[in-house]
Amino acid sequence: MAAAAAAPAMAVNGIKIGTASQAHLESMAAKETRVLISGFSRHFYNLGRASGTSGSTTIKVHDHYTRKPPQLMVMSSSGGLSAPSPKPHLPKTPKSSDYGSLFTKLGIDFSSPSDGPMQRVRSGLGMGQRRNVLTKAQGSEREMDPFPHCIVLDIEGTTTPISFVTEVLFPYARANVGRHLSATYDNPETQDDIKLLRSQVQNDLEQGIAGAVPVPPDDAGKEEVIASLAANVEAMIKADRKITALKELQGHIWRTGFESKELEAIVFDDVPKALEKWHALGKKVYIYSSGSRLAQRLIFGNTNHGDLRKYLCGFFDTKVGNKRETSSYVEIFESLGVDKPSNILFLTDVSQEATAAKAAGLEVMISIRPGNGPLPENHGFRTVNSFLEI
């Protein structure tokens with residue numbers, strides 16, 4: 001804890017405070033207070049509200065949440081309390097960054113920002129009650145950390161109506177696959193797409209997947225290759241296959257549509273409001289979709305509410321794994337660098353995805369949107385109709 005010079009006695013709400021005696025510092029009340037403050041400081045740090053090195057903790061400036069200098073006090077190593085004083089070389093009131101280990105004056109609202117963990121602790125609580133709160137916090141991080149550090153969002157049925165995907169994006173890709181392949185056939189990007197499709201079709205043929213038809217070799221002619229690929233893509237789209245070969249090609253086809261303004265993505269009205277709110281709170285938001293990362297960037301870069309990519313930190317697709325497999329969410333957890341999986345909140349409309357994410361330790365909510373499919377009875381997940389409920 002940052003040390004400060006002991007200050008002369010002062011009164012706070014009628015209570016005289018001066019240099020603490022050794023007996024007071026060794027009392028049970030002082031010890032419990034130190035434990036309580038240490039516990040809350042740890043939770044503030046985990047929430048991103050505070051930073052600290054070399055024994056000092058500084059509360060971060062955050063809009064109206066930041067305390068004014070008159071509301072702050074500095075605790076010295078001897079136990080004395082004093083109002084923060086300006087640095088000798090500064091002829092003005094100190095900023096929050098000018099001192100460490102800030103504490104709210106006794107008797108002034110003990111609650112932290114409205115979404116913080118100390119919302120639950122009031123100044124009227126006795127020491128025994130505060131000790132119970134701290135004990136619960138130590139035993140259950142979720143009670144004291146109600147809002148995870150990272151949010152991972154599904155797209156279809158979560159941020160975006162299913163109808164936009166099934167009635168706009170899929171038909172556009174299906175109608176333009178032949179034209180796209182013909183116009184870009186010799187491009188390295190398209191040749192990579194064709195190579196992926198050839199491999200996928202071969203696997204499908206070996207497994208007897210319905211709709212798969214052989215793709216002739218290149219020397220059979222460009223038109224025949226494109227015709228067979230278009231037939232396979234048509235079958236894959238109809239079956240809503242969540243496979244990389246299809247999603248990569250779709251992304252490249254949709255890029256043409258978005259660049260030509262033939263396509264504009266639809267997101268629910270609460271989505272941009274929630275993204276802006278989470279961004280202001282310092283929460284990191286990611287997308288995890290079966291669509292390619294390119295497709296995801298195109299969707300959020302060209303919405304009916306403008307370019308929303310400024311609120312997003314990254315994109316995950318099927319390259320990390322199938323969305324119904326627990327290992328995929330373990331991979332995402334390991335990629336995001338948080339301390340534990342429960343620091344991540346995943347929102348989806350599909351119960352199987354929710355189950356897989358929960359098995360990996362993530363917090364999970366199911367999105368209820370118009371047009372979404374029915375959920376199993378007693379699925380056990382919290383549901384939300386709008387991101388603004390979170």
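Helix axes here are lines fitted to C-alpha atoms over the stretch in contact, and angles run from 0 to 180 degrees between N-to-C directions. Helices (H or I, at least four residues) and strands (E, at least two) are DSSP runs, numbered from the N terminus. This is a predicted model, in which local features need pLDDT of at least 70, side-chain atom pairs count only at pLDDT 80 or more, and totals for chains, interfaces and linings use all residues. Residues are numbered from 1 along each chain as its sequence is written, and side-chain values use heavy atoms, with hydrogens and water left out.

**Helices H6 and H7**
- The axes of H6 (residues 188–207) and H7 (residues 222–238) come within 11 Å and cross at roughly 65 degrees.
- Contact (heavy atoms within 4.5 Å) involves Ile194, Leu197, Arg198, Gln200, Val201 and Asp204 on the H6 side, and Val225, Leu229, Asn232, Val233 and Met236 on the H7 side.

- In S11 (residues 344–348), five of five residues are buried, meaning under 20% relative accessible area with a 1.4 Å probe, protein chains only.
- Ile344, Phe346 and Thr348 point one way from S11, while Leu345 and Leu347 point the other way.

**Pairing of S11** (two strands pair if DSSP finds at least two bridges between them)
- S8 (residues 150–153) runs parallel to S11 over four bridges, with Ile151 partnered by Leu345.
- S12 (residues 363–367) also pairs with S11 in the parallel sense over four bridges, and there Leu347 has Met365 as its bridge partner.

Technical notes: Buried < 20%, exposed > 50% of the residue type's maximum accessible area, 1.4 Å probe, protein only.
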